[in-house]
Amino acid sequence: MASFYPYPGLELVFSRLAVAAHFHAPHQLLSSCRAHGGLRGDMACVCNHQACEPVGHEAYLPDKACSDPAFYHALVCKTHSLPTATALLTTAANIQCAGTAQEMDNGLLAYALCTAGVEGNAGRAGDAAAYRETENGIEMLHDAPAERARALKPGTINIMCFINHSLTPGAMLEAAILATEAKASVLQELSIPSLYSSSIATGTGTDQLAVACPSAGKPVTDAAIKDECDILSDSGLKGGNVDKPLTNAGKHSKLGEMLGLAVRRALYSSLARQNNITPASCCNIGHLLARFGFNEEEFLRSAGSFILPEQAALLRANFQCVFMDPAAVSALAALLHVRDQALWGVLPAQTLAEMELTHAALMAASICGQTDKFHTFRQKMEQYGSAGGPEDVVRLAAMALALGFASKWPDLP
């Protein structure tokens, strides 16, 4: 167990299954916690607790963990010796893979701590729901596709934000919005696939958020936190309560900038540790096609159908490095972006077929480095047609990869 003081009045305690933020001075807390959530000024702690392992460990949770938040809250507080006045976030992500980051400006501190897992139930805002909540409990939506009904599999992004200056209630809500936008921007940049549509995810179905700051009032003088004040006396940070709350945490404010940067850095770090997802690892054809139902074996089999058996065997033996070829990935990324733009109504839908063929031919030419064969590749692809549905997108990409790879090595020894 280890302790860390981001600023006087706030202590972060890290243990194997939890990270608890203890308030040694009055704080305001805005959270999505099911127990003690909302805007509160009477909380002594906010905790992010690992309830289970991400895969095959659901039975570890008590039956009432989801159905009775108060019961689960009491159980965790008792097990981890937390005060009753604790707001509780829950995750299946490894607490030890938490990412942290802070930004400072003129004595103002924005500190973010994130745990993140996106391989279980990442989704996009507006994706089809798996259930509805009624007076009688949870009603599963049987008209939802089977693959979407698995929305309750573990996978959560939990964000805790701490600011060492008091905020107005409106500014606290702005901070929560800003942190959520920062999260969505990271998933967009990494092309994290929604598991319930062919779109890029904006979060997961179980994301939780907490924003905390000192309550407005007199500066901290309580002897109980004198030691931590001494520890941080050289940091230039203010601690505890301040008289005049900040009124804005939006993108135009310095606090909003700091908070956005801190959340983004913390989330990038957590995704790298938890899921081994980094910008470099996302430079991958399979990653970009994941939201279209990509299956590695089926993709290679499809690609092999367009070229000679010996060429297909060479491609299969080297698929990992071929899949991460920057030129090929960039062309595929352009193809998918054009498709998204047409589906969103930005580009005319009637031009989608032509644009997909053009970018697929560019992908093939990029792989072999022979731009003079662009028109030849495009003519061959016209025989197949445009991408159309999600499965056709994968097949068109497989054809482009195969034709480009075969042209790169036309004469095998």
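How many salt bridges does the structure hold? The structure holds 13 of them, a salt bridge being a side-chain nitrogen of Lys or Arg within 4 Å of a carboxyl oxygen of Asp or Glu. Side chains of opposite charge can pair when their charged atoms come close.

Before we look at some of these pairs, a word on the model. This is a predicted model, in which local features need pLDDT of at least 70 and side-chain atom pairs count only at pLDDT 80 or more, while totals for chains, interfaces and linings use all residues. Residues are numbered from 1 along each chain as its sequence is written, and side-chain values use heavy atoms, with hydrogens and water left out.

**The chain as a whole**

The protein chain has 13 helices and 15 strands. Both are DSSP runs numbered from the N terminus: helices are H or I with at least four residues, and strands are E with at least two. Of its 413 residues, 50% count as buried. Here buried means under 20% relative accessible area, exposed means over 50%, and partly exposed lies in between (1.4 Å probe, protein chains only). Take the contacts, meaning heavy atoms within 4.5 Å, between residues at least 6 apart in sequence: 73% of them join residues at least 24 apart. The accessible surface of the chain comes to about 19300 Å², and 54% of that belongs to carbon and sulfur atoms. Accessible areas come from the Shrake-Rupley method with a 1.4 Å probe, and for residues only the protein chains shown count as cover.

| Asp340 | Arg291 | 2.8 Å |

Let us start with Asp340 and Arg291, which form a salt bridge. Asp340 sits in helix H10 (residues 326-343) and Arg291 in the loop between helix H6 (285-289) and helix H7 (296-304), so this pair ties together parts 49 residues apart in sequence. Asp340 is buried at 6% relative accessible area, and Arg291 is buried at 9%.

Glu354 belongs to helix H11 (residues 352-368) and Arg378 to helix H12 (residues 374-382), so the two tie together parts 24 residues apart in sequence. Glu354 is partly exposed at 46%, whereas Arg378 counts as buried at 11%.

Glu382 is partly exposed, with a relative accessible area of 44%.

Finally, a network of salt bridges links Glu297, Arg301 and Arg316.
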